[in-house]
Amino acid sequence: MKYLSVIFLLLSCITAFTQNKQKETRLNCIAFWKKGEEKTYLITRKKEKIPAGKATNSPDFLIESKMTVIDSSAAGYIISWVYGIPDGIEKNSLQYQMMAFLEGMKFVYKTDELGKFTELVNWEEIRDFYVRMLEMQFE
């Protein structure tokens, strides 16, 4: 009877341990985009501050981006992503000045059929942009 109790206890511990597996948390999404399709996104980064018990929630960073499908095939997509300044931002505000350097910045990249990033097509153009931006900082 002792052995049977010990075996039962061991088996119940093993069963309890195996039930503790983490579930898969990834999600695949197949977009089925068409050539020429466009989407516009508003990217917002907010930081919540609570001075003296009063919550304030104002955007720290706000920028518009326009995504255009340049090419669509069974193997994947070529996508253009261009940054712009959203309407309603005052031209002489600090927020406008922070976003102005990104306006017109264009990323062209390839994805596979599931939308997974595979290649940055215009990497030289982006490299040159960042080099110019660094040079302007040190002038």
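Before I start, note that the model is a predicted one.

I begin with the core. The largest nonpolar core holds 18 residues. Those with the most contacts inside this core are Trp 81, Tyr 83, Ile 89, Met 105 and Phe 107. Several elements give two or more residues to the core: strand 2 (56–73), strand 3 (76–84), helix 2 (94–100), strand 4 (106–112) and helix 3 (123–137).

Take Trp 81 from that group. What does Trp 81 touch, leaving aside its neighbours within four places in sequence? The list is Tyr 41, Ile 43, Ser 65, Lys 66, Met 67, Met 105, Lys 106, Phe 107 and Tyr 109. Two of these, Met 105 and Phe 107, are also among the residues with the most contacts inside the core.

Next is Ser 80, in strand 3. Ser 80 counts as buried because its relative accessibility is 7%. Not counting residues up to four places away in sequence, Ser 80 touches Lys 66, Met 67, Thr 68, Ile 70, Lys 106, Phe 107 and Val 108. Ser 65 lies 15 residues from Ser 80 along the chain, and their C-alpha atoms are separated by 10.0 Å.

One of those partners, Thr 68, is found in strand 2. Is Thr 68 buried or exposed? Its relative accessible area is 19%, and buried means under 20%, so Thr 68 is buried. Apart from neighbours within four places in sequence, Thr 68 is in contact with Glu 37, Glu 38, Ile 78, Ile 79 and Ser 80.

Now to strand 4, where we find Thr 111. With a relative accessibility of 6%, Thr 111 counts as buried. Its contacts, again without residues up to four places away in sequence, are Ala 75, Gly 76, Tyr 77, Ile 79, Lys 116, Phe 117 and Thr 118.

That brings me to Lys 116, which sits in the loop between strand 4 and strand 5 (117–120). Why does Lys 116 count as exposed? Its relative accessibility is 56%, and exposed means over 50%. Leaving aside neighbours within four places in sequence, Lys 116 is in contact with Lys 110 and Thr 111. Lys 116 and Gly 76 are 40 residues apart along the chain, with their C-alpha atoms separated by 8.8 Å. Gly 76 is also one of the residues that Thr 111 touches.

Methods: Residues numbered from 1 in each chain as written. Predicted model: local features only at pLDDT ≥ 70, side-chain atom pairs only at ≥ 80, totals over all residues. Heavy atoms only, no water. Core = buried A, V, L, I, M, F, W, Y, C linked by side-chain atoms within 4.5 Å. Buried < 20%, exposed > 50% of the residue type's maximum accessible area, 1.4 Å probe, protein only. Helix = DSSP H or I, 4+ residues; strand = E, 2+ residues; numbered from the N terminus. Contact = heavy atoms within 4.5 Å.
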